[in-house]
Amino acid sequence: RRLAALETRFLLQVDDFRRRARRKALASAIRAWHSQAALASEAARMARLKKVFACWRLVAKEQVLLQRYLRECSAENFKGLPPSHTSVRPEDLERLYRQMAEHRWDAVDVLSP
């Protein structure tokens, strides 16, 4: 009878040890998953910010080019001269708009949740 009690006690201890070990392993796996998910989320957030700031920089550059173009054209018109050569070339604006379009379509993937 005493032997049966010891055996039962031993089996219960083994079962308790297995349960604790399994719980610890699951908790560890969940912590690791949570950590990786947080890192991936932060990486995605940084990618979104990088794209947003790149687009913002291009828009600011566009505004500078357009203001310079308008200022130069206005100055020539006030002088009564036909528009001739300006420092802003059509190629400059075309290149800028091409870059903006590339960022816009690239940013659609990043900004979508």
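## Helices in this model

Helices here are DSSP runs of H or I with at least four residues, numbered from the N terminus. With that in mind, let's look around this predicted model, starting with Glu 62, which lies in helix α1.

Is Glu 62 buried or exposed? Its relative accessible area is 12%, and buried means under 20%, so Glu 62 counts as buried. Setting aside residues up to four places away in sequence, Glu 62 touches Leu 96, Tyr 97 and Met 100.

## The nonpolar core

Leu 96 also belongs to the largest nonpolar core, together with Leu 58, Leu 65, Val 88 and Leu 93, which makes five residues. Two elements, α1 (2-78) and α2 (90-111), each give two or more residues to this core. As a general background, nonpolar side chains in soluble globular proteins tend to be buried together.

## Arg 68 and Val 88

Val 88, a member of that core, brings us to Arg 68, found in helix α1. The two residues are 20 apart along the chain, yet their C-alpha atoms are separated by 7.3 Å. Beyond its neighbours within four places in sequence, Arg 68 is in contact with Ser 87 and Val 88. Arg 68 is partly exposed, at 28% relative accessible area.

## A nonpolar patch on the surface

Finally, a look at the surface: Met 46, Leu 49, Phe 53 and Trp 56 form a nonpolar patch there, with about 460 Å² of accessible area together. Met 46 lies in helix α1 and is partly exposed, with a relative accessible area of 43%.

Notes
Residues numbered from 1 in each chain as written. Predicted model: local features only at pLDDT ≥ 70, side-chain atom pairs only at ≥ 80, totals over all residues. Heavy atoms only, no water. Core = buried A, V, L, I, M, F, W, Y, C linked by side-chain atoms within 4.5 Å. Buried < 20%, exposed > 50% of the residue type's maximum accessible area, 1.4 Å probe, protein only. Patch = residues over 30% accessible without salt bridge, like charges linked within 9 Å, V, L, I, M, F, W, Y side chains within 5 Å. Areas by Shrake-Rupley, 256 points an atom, 1.4 Å probe, with all protein chains shown as cover. Salt bridge = Lys/Arg side-chain N within 4 Å of Asp/Glu carboxyl O. Contact = heavy atoms within 4.5 Å.
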